[in-house]
Amino acid sequence: MSECQYERDVVEAAREGRWTEALQDHAASCLGCAETALVVVALAEDVDALVLEDAPLPDPKVIWIRSRLKERQERSFRATRVITWVQRAMIVCALAVGASFGPGLRELLSGLRTLLPTAALADLPLLISGPTAVLGLTFVVMALMALWNERSAAS
Amino acid sequence: MISMATVASGVPVTESGLASGVMDGAAFQAFYSRTARRLRAYLLRSLGDPSLADDLMQEAYLRLLRSGLKTDDEDHRKAYLFRIATNLIRDHFRRRRPEYEMPPNLAGDPGLQSTIDSRSDVAQAMNGLAPRDRQMLWLAYVEGSSHQEIAKALGLKTASLKSMLSRARHRMADRLRGLGLQPIERNQS
């Protein structure tokens, strides 16, 4: 569909309500421009009525405050994201170090198995307080704490 | 640096005003009072639901503030705001119905119909059009947006916009004529 050369002028005239006689004559004879004028005038009347309507608008203060709050939330999220990543790295490190003590722990457990039937119960604390066992348990506890921290930060 | 003060309205303001191109509280309030009614009119006629129009209007301003748009050009800011609103309308209809192109079947939806603002013939005629047609007509003939701006806002090709707009205008004119409206001279000078 080809656009009439006066269409832009008709749109402007209809929107502003400023018609020249020539343009008015043209709009009366051009089907496309008459249609454009009808639509533009109707929409202009409608928007005028809607803008003048005194229905209360939402409070801009609320929008402003919401935007500030959202910004603060995002800042806090960005800040805690670093901490979360550090915690995750800690978990991985703890698990890796814990795994490196795996053979030692296995040895300790097998030693316990052979000792338990014969050893007195009084010797048990000594075995458990051995350096390998202490280190292993420490890392397990650290990993659990880091996991717990991450969960509470996420919630 | 921003020194915060609070005006009687309770909205924090800065002494720098719009110097950085980013709005402070007072500048936002002024911009809001100049644009909110027109934006609501656009949303209302595009959506047909006053409460939804208010919700999306607030969301549009919120997104504008969060966008960090840096400009002192009021027209640019307003065009950006309308583009955000257009995207929100599009998202709304996409979420609601996959067949975004089709006009809403108002007759079969009494819940929606009851919320439609049908005080004017224009509202009635607009409600019979597809959402995209309503947006195109409004942006072109009320906001005076260029074809390029409309195409960008609606995610269309500029080349095809002209014919789409022409068809939308034809459909709208048919509906207006059907309601007995004839071309009239508005505030002729």
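Biologist: Let's start with H1(A) and H3(A). How are they oriented to each other?
Modeller: Keep in mind that this is a predicted model. The axes of H1 (residues 7–16) and H3 (residues 31–52) of chain A cross at roughly 30 degrees. Angles under 35 degrees count as roughly parallel, so H1(A) and H3(A) are roughly parallel to each other.

Biologist: Within what distance do the axes of H1(A) and H3(A) come? And is the crossing left-handed or right-handed?
Modeller: The two axes come within 8 Å, and the crossing of H1(A) and H3(A) is right-handed.

Biologist: Which residues make that contact?
Modeller: On H1(A) they are A:Glu7, A:Val10, A:Val11, A:Ala14 and A:Arg15. H3(A) brings A:Gly32, A:Cys33, A:Thr36, A:Ala37, A:Val40, A:Val41 and A:Ala44. By class, the contact of H1(A) with H3(A) has 8 nonpolar, 2 polar and 2 charged residues.

Biologist: Switching to chain B, what is it built from?
Modeller: Chain B has 8 helices and 2 strands. Starting at the N terminus, the order is β-β-α-α-α-α-α-α-α-α.

Biologist: And how much of chain B is buried?
Modeller: Of its 189 residues, 34% are buried. As for contacts in chain B with a separation of 6 or more, 55% are between residues 24 or more positions apart.

Biologist: What about the largest nonpolar core? Which residues touch the most other members?
Modeller: That core has 60 residues, and the ones touching the most other members are A:Val39, A:Leu43, B:Leu39, B:Leu43, B:Ala60, B:Ala85 and B:Leu137. H3(A) gives the most to this core, with 10 residues. In soluble globular proteins, nonpolar side chains tend to be buried together.

Biologist: Let's zoom in on B:Leu137. What is in contact with it, beyond its neighbours within four places in sequence?
Modeller: From chain A there are A:Val39 and A:Leu43, and from chain B there are B:Ala168, B:Arg169 and B:Met172. A:Val39 and A:Leu43 are also among the core residues that touch the most other members.

Notes: Residues numbered from 1 in each chain as written. Chains lettered and ligands numbered in written order. Predicted model: local features only at pLDDT ≥ 70, side-chain atom pairs only at ≥ 80, totals over all residues. Axes fitted to C-alpha atoms, helices over the stretch in contact; angles between N-to-C directions. Helix = DSSP H or I, 4+ residues; strand = E, 2+ residues; numbered from the N terminus. Parallel < 35°, antiparallel > 145°, perpendicular 65-115°, else oblique. Left-handed = near helix turned anticlockwise from the far one by under 90°. Contact = placed C-beta atoms within 7 Å. Nonpolar A, V, L, I, M, F, W, Y, C, P; charged D, E, K, R; others polar. Buried ≥ 20, exposed ≤ 12 C-beta atoms within 10 Å, placed from the backbone. Core = buried A, V, L, I, M, F, W, Y, C linked by C-beta atoms within 7 Å.
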